[in-house]
Amino acid sequence: MINISEVIETNQMIEKENLDVRTITLGISLLDCIDADVDKVCENIHRKIVAKAGDLVHTGREIEKKYAIPIVNKRISVTPIALIGAAACRETADFVKIAKTLDETAKEVGVNFIGGFSALVSKGMTAADELLIRSIPEALAVTDRVCSSVNCGSTKTGLNMDAVRLMGEIVRETAERTADRDSLGCAKLVVFCNAPDDNPFMAGAFHGVTEADAVINVGVSGPGVVKTALEKVRGESFEVLCETIKRTAFKVTRVGQLVAREASEQLGVPFGIIDLSLAPTPAVGDSVADILKEIGLEQPGAPGTTAALALLNDQVKKGGVMASSYVGGLSGAFIPVSEDQGMIEAVEAGALSLEKLEAMTCVCSVGLDMIAVPGDTKASTISGIIADEMAIGMVNQKTTAVRLIPAIGKKVGDNVEFGGLLGHAPVMAVNGFACDAFVNRKGRIPAPIHSFKN
Amino acid sequence: MKKTIITVVGKDTVGIIAKVCTYLANNRINILDISQTIVDGFFNMMMIVDLSASDKEFDNVSDELEQIGQEIGVIVKCQREEIFDSMHRI
């Protein structure tokens, strides 16, 4: 039988160390909403989402109550809209119309984000893909809850540099369109390489075409729990350190597994995956940077950071796969800057640069995330940064992403403020040398060879 | 049998257990196990109870116990046992 110390440990994790279920994301296929008439598409989308997700928020609350564990976000991901709108959309305004429908429907069912205003163009773009991408700045400016992502490359296909070049312009334009809100639009726009079909975390969530009609994916998080566990093993060997992280990751993932099973039963929707990611929030004590410090770094960015992060990421995965047979999504450690108080402090202290963050993304999940750059950063430079990050993903067979925020009207040292879970970010310096001639080349970077690894 | 864990945390005072147990008895909720300890100077009690003979639903019991807790100045929390099982048992 459960004993009192186990009960106290669990409740301490929840109450003091910010253990939570970060998100229940209901993935919904919209493939059956396709029509040649855009109004009909919108009507179909609305009907389908309300039918599938009508009970999502209520179910989430019920589970919260039953186990007294917070479920921070209830969200929806849908089939990439470039596919759904392809037959109906003739101009960017048509895609914006679909975005508005998604936004209104998200508000109606009470979810705080809906992901999937996306295009998958890792090898080439259809006319509809390009139209959707060009509609992103307007779509993100006129909606509140829609999240957008574009997959520009993969290990199997190489990098679609035409899309990367275009995305540099789109990121800039999105920033300009939402300049009055500290370029907030860019916080809802992710550029991917090797995007997973089942990621429950925004802004990059979409419901892959390989998925079932509807599926529940759950993201659990708890950087604070790992940090507290590590406090007890200060100065111990790497073996003890790794063992502690694994054990903690196991416990956290099991909670996610329980919630996922429960939500799946109550909603009558199959369970997809658990994404165990150490996803920080701006709340004090909910920071991945603090874990890195606890491992032994004065600040994230100090020499040794990449090794410490590699270790952390791997142990999190190892603990997670033992706890659930269906670990998926991005599982690992997230290192967004604006959403992590410790990362923000490291940037402000001058310890962490864009280049070091890029190195760190080689060994952790995702990539350059929630990083504010000066407002006068050129589109081609943004494309260059995206291409670098995509190349890391392509060569290392991992998911990488870029979520940059060109802070319009701001320069290095200024601050952008998004509020809520998105936090605030100091504007970081970007290497000022140009890469236009590289970015302006047409075509693709070929897929890498999978032999001769060194 | 679905078991529920009730935890009471707060400053130690006379009659905490009496209050909670009276409520449980009145609602035909059976106590299977009970233990208590002091952590960081705070009174911590845990009960494993069985609601199956009670007329009340989990939600009601949870709300009413929370209310009783507020009256005597402690935090009373009800949770289904599965969260602890899944976390601490392989």
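The legends below describe close-up views of a predicted model.

**View 1. The ten-stranded sheet of chain A.** Ten strands of chain A make up an open sheet with mixed pairing, and their order is β10-β9-β8-β1-β2-β3-β4-β7-β12-β11. Strands of a sheet pair through backbone hydrogen bonds, either parallel or antiparallel.

**View 2. Strands β3 and β4 of chain A with helix α6.** Six bridges link β3 (residues 113-120) and β4 (residues 146-151) of chain A, and the two strands pair in the parallel sense. Within this pair, A:Phe117 stands opposite A:Ser148 of β4(A). Helix α6 (residues 127-142) of chain A lies across β3, β4 and β7 (189-193) of chain A. The angle between α6 and β4(A) is about 145°.

**View 3. Strand β9 of chain A between β8 and β10.** In the sheet order, β9 of chain A sits between β10 and β8. Strand β8 (residues 214-221) of chain A pairs with β9(A) in the parallel sense through four bridges, and A:Gly219 stands opposite A:Asp275 in β9(A). On the β10 side, β9(A) and β10(A) also run parallel and are joined by two bridges. Here A:Leu278 stands opposite A:Ala333 in β10(A). Seven of the eight residues of β9 (residues 271-278) of chain A are buried, so this strand is largely enclosed by the rest of the structure.

**View 4. Helices α8 and α9 of chain A.** The axes of α8 (residues 223-231) of chain A and α9(A) come within 9 Å and cross at roughly 145°. The crossing of α8(A) past α9(A) is right-handed. From α8(A), the contact uses A:Val225, A:Val226, A:Ala229 and A:Leu230. From α9(A), A:Thr244, A:Ile245, A:Thr248 and A:Val252 take part. Six of the contact residues are nonpolar and two are polar, with no charged residue.

**View 5. The contact between the two domains of chain A.** Chain A is divided into domain 1 (22-193) and domain 2 (218-445). Taken over C-alpha atoms, the centres of these two domains of chain A are separated by 22 Å. Domain 1 of chain A gives 41 residues to the contact, and domain 2 of chain A gives 47 residues. On the domain 1 side, β1 (20-28), α3, β5 (153-154), β6 (158-160), α7 (161-177) and β7 of chain A each supply at least two residues. Helix α7(A) has the largest share of that side, eleven residues. The residues on the domain 1 side comprise 22 nonpolar, eleven polar and eight charged.

**View 6. A:Val164 and its surroundings.** A:Val164 lies in helix α7 of chain A. This valine, A:Val164, counts as buried because it has 28 C-beta neighbours inside 10 Å. Leaving out residues up to four places away in sequence, A:Val164 touches A:Cys152, A:Leu159, A:Ser383, A:Ile386, A:Ala387 and A:Met390. Between A:Val164 and A:Val150, which are 14 residues apart in sequence, the C-alpha to C-alpha distance is 9.4 Å.

**View 7. The side of chain A that touches chain B.** The contact takes 18 residues from chain A and 23 residues from chain B. On chain A, α1 (4-15), α3 (56-67) and α9 (238-267) each supply at least two residues of the side that touches chain B. The largest share of this side, six residues, comes from α1(A). By class, the chain A side has ten nonpolar, three polar and five charged residues.

Notes. Residues are numbered from 1 along each chain as its sequence is written. Chains are lettered from A and ligands numbered from 1 in the order in which they are written. This is a predicted model: local features need pLDDT of at least 70, side-chain atom pairs count only at pLDDT 80 or more; totals for chains, interfaces and linings use all residues. Two strands pair if DSSP finds at least two bridges between them. Two residues are in contact if their C-beta atoms, placed from the backbone, lie within 7 Å. Axes are lines fitted to C-alpha atoms, for helices over the stretch in contact, and angles run from 0 to 180 degrees between N-to-C directions. Ala, Val, Leu, Ile, Met, Phe, Trp, Tyr, Cys and Pro count as nonpolar, Asp, Glu, Lys and Arg as charged, and the others, Gly among them, as polar. Domain bounds come from an automatic or database domain assignment. A residue is buried if 20 or more other C-beta atoms lie within 10 Å of its own, exposed if 12 or fewer, and partly exposed in between; C-beta atoms are placed from the backbone. A crossing is left-handed if the near helix is turned anticlockwise from the far one by less than a right angle, and right-handed if clockwise.
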